[in-house]
Amino acid sequence: MNIQPLSNRVVLKPLDEEKMTQSGIVLPDRDEKPTTGEVVAVGPGKKGDDGTVIPMEVQVGQKVLFKKYGFDEVEVEGEKYLIGDEGDIVAVLDK
Amino acid sequence: MNIQPLSNRVVLKPLDEEKMTQSGIVLPDRDEKPTTGEVVAVGPGKKGDDGTVIPMEVQVGQKVLFKKYGFDEVEVEGEKYLIGDEGDIVAVLDK
Amino acid sequence: MNIQPLSNRVVLKPLDEEKMTQSGIVLPDRDEKPTTGEVVAVGPGKKGDDGTVIPMEVQVGQKVLFKKYGFDEVEVEGEKYLIGDEGDIVAVLDK
Amino acid sequence: MNIQPLSNRVVLKPLDEEKMTQSGIVLPDRDEKPTTGEVVAVGPGKKGDDGTVIPMEVQVGQKVLFKKYGFDEVEVEGEKYLIGDEGDIVAVLDK
Amino acid sequence: MNIQPLSNRVVLKPLDEEKMTQSGIVLPDRDEKPTTGEVVAVGPGKKGDDGTVIPMEVQVGQKVLFKKYGFDEVEVEGEKYLIGDEGDIVAVLDK
Amino acid sequence: MNIQPLSNRVVLKPLDEEKMTQSGIVLPDRDEKPTTGEVVAVGPGKKGDDGTVIPMEVQVGQKVLFKKYGFDEVEVEGEKYLIGDEGDIVAVLDK
Amino acid sequence: MNIQPLSNRVVLKPLDEEKMTQSGIVLPDRDEKPTTGEVVAVGPGKKGDDGTVIPMEVQVGQKVLFKKYGFDEVEVEGEKYLIGDEGDIVAVLDK
């Protein structure tokens with residue numbers, strides 16, 4: 001993966017929603033609702049007003065629920081990714 | 001429960017409003033009004049500007065009054081849940 | 001009373017405005033204007049950015065002037081209550 | 001006076017504008033412009049983010065210029081008062 | 001002068017713009033543009049979140065350029081004054 | 001120059017854009033785009049919430065790129081100047 | 001390069017999108033989506049409320065993904081550049 005996010009940004013690979021449904025998680029269609037993705041790259045953390053870096057909560061490899069409207073699409077080597085703030089990720093999906 | 005909320009987010013199971021009414025609490029219909037739910041998962045707490053984690057007030061198992069518009073729906077293993085910020089929970093209902 | 005407010009929230013019982021009028025306080029009709037209530041439950045206080053809890057100013061049993069639009073209605077055991085932020089209470093009415 | 005304001009709120013008795021005019025201060029009609037009042041009750045001061053109380057600048061008995069739109073009307077024992085934030089008082093009128 | 005401004009407020013006497021033009025400073029007509037005035041009274045300074053008073057930059061007697069829309073008119077003993085925040089004063093005019 | 005800016009304000013002399021073009025810098029027409037000017041006066045710096053003065057980055061004599069909409073026009077001794085916040089200056093043009 | 005950005009601003013040279021596509025990164029057309037550029041100049045960093053300079057994350061020579069709407073165009077010696085905040089750069093593209 002050759003995209004290194006800055007600040008508190010995260011790169012996600014959107015998950016195949018049908019697969020997710022089989023695994024027991026169903027998600028509504030509407031854009032404002034959380035959808036699922038896998039974390040593929042994580043920024044170093046946002047800097048506070050005094051320059052302190054606030055550590056990230058998510059890790060590469062985790063499956064997450066995120067708010068789609070906060071993410072932008074990029075395409076790297078033929079694969080679609082999403083990039084956005086960690087603040088728009090609402091939960092980690094434990095297996 | 002396999003959803004681990006991030007930051008100050010909380011996962012709620014909406015309560016059967018009819019049951020609640022029998023127990024003595026009646027709630028208005030309108031969406032902006034508080035409704036009732038049971039806490040099923042709690043995030044680690046929001047990080048302040050200096051990275052300090054602010055502890056959560058609610059605990060798993062508590063029945064709460066919350067503002068519905070601040071919560072998003074997810075469906076896990078056939079059951080509906082709501083996910084949102086602790087700041088949109090207004091009170092704990094003691095039994 | 002089985003509602004325990006969170007953060008800086010307060011539960012009020014709206015006061016009989018006619019009674020209030022007899023006691024010498026008259027309040028305008030308009031919704032944006034302060035109205036009167038009795039404090040029946042008080043939250044622990046809001047947490048600042050560093051997690052410090054800021055103590056509440058009002059106490060259970062006090063009669064208060066509050067801004068109605070900042071409060072939501074709930075009904076507990078057949079009685080109507082209002083729940084909202086302490087910041088929307090403007091004054092304590094001393095007897 | 002039986003209204004004790006909370007936080008940085010102040011209770012004012014609106015001054016007879018004709019009297020003020022005789023004393024040499026004339027004020028425009030428009031609602032957004034400052035008008036005159038006498039301070040009859042003062043809150044303890046607003047709490048900062050760390051809980052520190054910030055002392056009030058005005059005192060009971062002072063005549064003040066204030067922005068009317070920031071104040072709400074209440075009527076106590078047949079007399080009209082105004083209640084609002086100290087931040088909407090722009091000046092003290094020295095005699 | 002019997003108006004004592006609060007916080008970071010300043011009382012100005014608007015300057016005769018024709019005089020100013022003769023002295024070499026011409027100012028556009030539009031309301032949003034800076035205009036000239038003389039400082040006649042200065043507040044003690046705004047209080048920060050921890051109660052610290054932030055000292056004022058302007059002094060009584062200085063001629064200043066200010067943004068008119070941020071100021072309210074008052075009339076004291078037949079003379080028009082303007083009252084507003086120091087933050088809407090953009091520069092001191094040195095002689 | 002007899003204008004002493006307050007806080008983080010800066011007085012600029014707009015540069016002859018044709019001259020700039022000859023020197024190799026061409027700028028778009030639209031008002032929201034940066035344009036060029038020379039710094040003729042610099043304020044002492046903005047005060048933070050605790051009263052600390054934050055030093056200015058620009059110096060008198062520097063040529064700068066700035067966002068025109070953030071600046072107000074004044075005319076001193078027949079010459080047009082612009083006054084605005086340092087935050088609306090985006091870059092220094094080195095020679 | 002004779003443009004020295006102030007604060008947390010960065011000067012970028014937009015990258016030839018066709019070239020980028022050949023290298024495996026495809027980007028959507030819409031203006032709000034991230035696009036690619038090379039960092040040609042970097043400001044000293046933004047100053048926090050207490051004057052502390054917060055160090056920049058990007059370096060001259062890095063290829064970056066950035067949000068185009070946050071950047072303004074300038075033309076230096078016949079070449080087009082973009083200037084904007086580091087906060088609108090979302091990721092570094094590693095080679």
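**An enclosed strand and its partners**

In this predicted model, 5 of the 5 residues of strand 10 (residues 89-93) of chain E are buried, so the strand is largely enclosed by the rest of the structure.

Within chain E, strand 7 (residues 63-67) pairs with strand 10 in the antiparallel sense, over 4 bridges. In this pairing, E:L93 of strand 10 has E:K63 opposite. The other partner belongs to another chain: strand 1 (residues 3-5) of chain F runs antiparallel to strand 10 of chain E, and 3 bridges join the two. E:L93 takes part here as well, with F:I3 in strand 1 of chain F as its bridge partner. E:L93 therefore stands opposite E:K63 in chain E and is bridged to F:I3 in chain F, while its strand has 5 of 5 residues buried.

Strand 1 (residues 3-5) of chain A and strand 10 of chain G are antiparallel and share 3 bridges. One residue pair in this arrangement is A:Q4 with G:V92, the latter lying in strand 10 of chain G.

How many residues does each chain bring to the contact? Chain G gives 25 residues and chain A gives 22 residues. Together the two chains bury about 1900 Å², and carbon and sulfur atoms account for 53% of that area. On the chain G side, G:I54, G:E57 and G:V90 supply 27% of the area that this chain buries against chain A, more than any other three residues.

Polar interactions can be listed next. Between chain G and chain A there are 7 residue pairs in polar contact, counting pairs with both residues at pLDDT 80 or more. The salt bridge count is 1. That salt bridge is formed by G:K67 and A:D72, whose closest N and O atoms are 3.4 Å apart.

Which elements of chain G give two or more residues to the side that touches chain A? They are strand 3 (25-26), strand 7 (63-67) and strand 10 (89-93) of chain G. Of the elements, strand 10 of chain G gives the most to this side, with 5 residues. Sorted by class, the side of chain G that touches chain A has 15 nonpolar, 4 polar and 6 charged residues.

**Two residues of chain A**

A:P14 is found in strand 2 (residues 9-14) of chain A. Is this residue buried, exposed or partly exposed? A:P14 is partly exposed, since its relative accessible area is 37%. Not counting residues up to four places away in sequence, A:P14 touches A:T36, A:G37, A:K80, A:Y81 and A:L82. For one of these, A:T36, the C-alpha atom is separated from that of A:P14 by 6.3 Å, although the two residues are 22 residues apart along the chain.

A:G61 sits in a loop of chain A, between strand 6 (53-54) and strand 7 (63-67). With a relative accessible area of 40%, A:G61 is partly exposed. Leaving aside neighbours within four places in sequence, A:G61 is in contact with A:E38 and A:V39. The C-alpha atoms of A:G61 and A:A41 are separated by 8.6 Å, and these residues lie 20 residues apart along the chain.

Methods. Residues numbered from 1 in each chain as written. Chains lettered and ligands numbered in written order. Predicted model: local features only at pLDDT ≥ 70, side-chain atom pairs only at ≥ 80, totals over all residues. Heavy atoms only, no water. Buried < 20%, exposed > 50% of the residue type's maximum accessible area, 1.4 Å probe, protein only. Contact = heavy atoms within 4.5 Å. Buried area = accessible area lost by both parts, 1.4 Å probe. Salt bridge = Lys/Arg side-chain N within 4 Å of Asp/Glu carboxyl O. Polar contact = N/O pair within 3.5 Å; in protein donor to acceptor, adjacent residues only side chain to side chain. Nonpolar A, V, L, I, M, F, W, Y, C, P; charged D, E, K, R; others polar. Pairing = 2+ DSSP bridges.
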